[in-house]
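Hi everyone, thanks for coming.

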Amino acid sequence: MSDTVPRIPSTAEALARLDMPLLDAMMTQRAVRRVYPDPVDDAVVLKCIEVGLRAPTGANGQNWEFIVVKDQRTKERFAKRYRQAWALYYRAVIRRAAARDQSMAKTARAVQWQVDHFTEIPVLVVGCLRLGVRDGKLPLVPLPKVAESGYYGSIYPSVQNLLLAARTMGLGASLITLPLWSATSARRTLGLPHAVTPLCVVPMGWPRGRYGPTTRKPVGEIAHLDRYGNRVWLDLPPTS
């Protein structure tokens, strides 16, 4: 680690930061894609997952599974899928938008960095859900269409908790899905049974940069009362 790299906290220091006020963590959270290759202690990663497990799940199913990936060959397989998906997505969607919007261009550069350095990221956490099986006691059953939103809604609250825990400890993290565009490939790579579906990847590492306040639209611009377009809060003063 060179002298220009900020000092990485010890495991004890990182865990001690979990007492950050919740509002501070939420107001300064962002997707951090550029991270150092330095290892992240298992205790820090597992604490993030432990906090994630406190989130609600549909019918209290608690049917998440988290695969912590540190193996280089596994990272390389996911990196290949990520490159393939990003190349298509960039050409089809991002390139023209980035040419018009500097904010989008900045995000695209950060994603490109992550794609190019994916195998150097110290930890990937793959969030998965078990479908129709609880503690191995229930048979695998097809998921009714009406239940899909509740099913997928069981993983993302836990991942948001995980991301907030990472933020409080100063760990860089982001939620991505492009490396999982082939669920069959992801299952094969991770040795997942058919009943376990991989839904997102959280790359984690010590950030090359810093957290800080984020820029967002005023709530009055995106909050509608009863029907779309009834933006009665447009004149609200901005909040700090």
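Let me start with a term: angles under 35 degrees count as roughly parallel, over 145 as roughly antiparallel, 65 to 115 as roughly perpendicular, and the rest as oblique. This is a predicted model, where local features need pLDDT of at least 70, side-chain atom pairs count only at pLDDT 80 or more, and totals for chains, interfaces and linings use all residues. Residues are numbered from 1 along each chain as its sequence is written, and side-chain values use heavy atoms, with hydrogens and water left out.

Helices here are DSSP runs (H or I, at least four residues; strands are E, at least two), numbered from the N terminus. Axes are lines fitted to C-alpha atoms, for helices over the stretch in contact, and angles run from 0 to 180 degrees between N-to-C directions.

First pair, please. The axes of α4 and helix α8 (residues 183-190) come within 10 Å and cross at roughly 170°, so α4 and α8 are roughly antiparallel to each other. Thr74, Arg77, Phe78 and Arg81 of α4 touch Ser185, Ala186, Thr189 and Leu190 of α8, where contact means heavy atoms within 4.5 Å. By class, that contact has 3 nonpolar, 3 polar and 2 charged residues. In this scheme Ala, Val, Leu, Ile, Met, Phe, Trp, Tyr, Cys and Pro are nonpolar, Asp, Glu, Lys and Arg are charged, and the others, Gly among them, are polar.

Now α4 again, with another partner. Helix α4 (residues 72-100) packs against α5 at an angle of about 165°, their axes 9 Å apart, and the two are therefore roughly antiparallel. Residues of α4 that meet α5 include Trp86, Tyr90 and Ile94. The classes in this contact are 11 nonpolar, 3 polar and 2 charged residues.

On to α3 (residues 42-52) and α7 (residues 156-168), which pack at about 140° with axes 7 Å apart. That makes α3 and α7 oblique to each other. Cys48, Ile49, Val51 and Gly52 of α3 contact Ser158, Asn161, Leu162, Ala165 and Ala166 of α7. Here we count 6 nonpolar, 3 polar and no charged residues.

Finally, the pocket. A pocket is an open set of points on a 1 Å grid over the protein atoms alone, where a 1.4 Å probe fits, with protein on both sides within 12 Å along at least five of seven lines; lining residues have an atom within 4 Å of a point. Which residues lie nearest the centre of the largest pocket? They are Arg30, Pro213, Thr214, Thr215 and Arg216, out of 33 lining residues. The lining divides into 15 nonpolar, 9 polar and 9 charged. Helix α5 gives the largest share, 4 residues.
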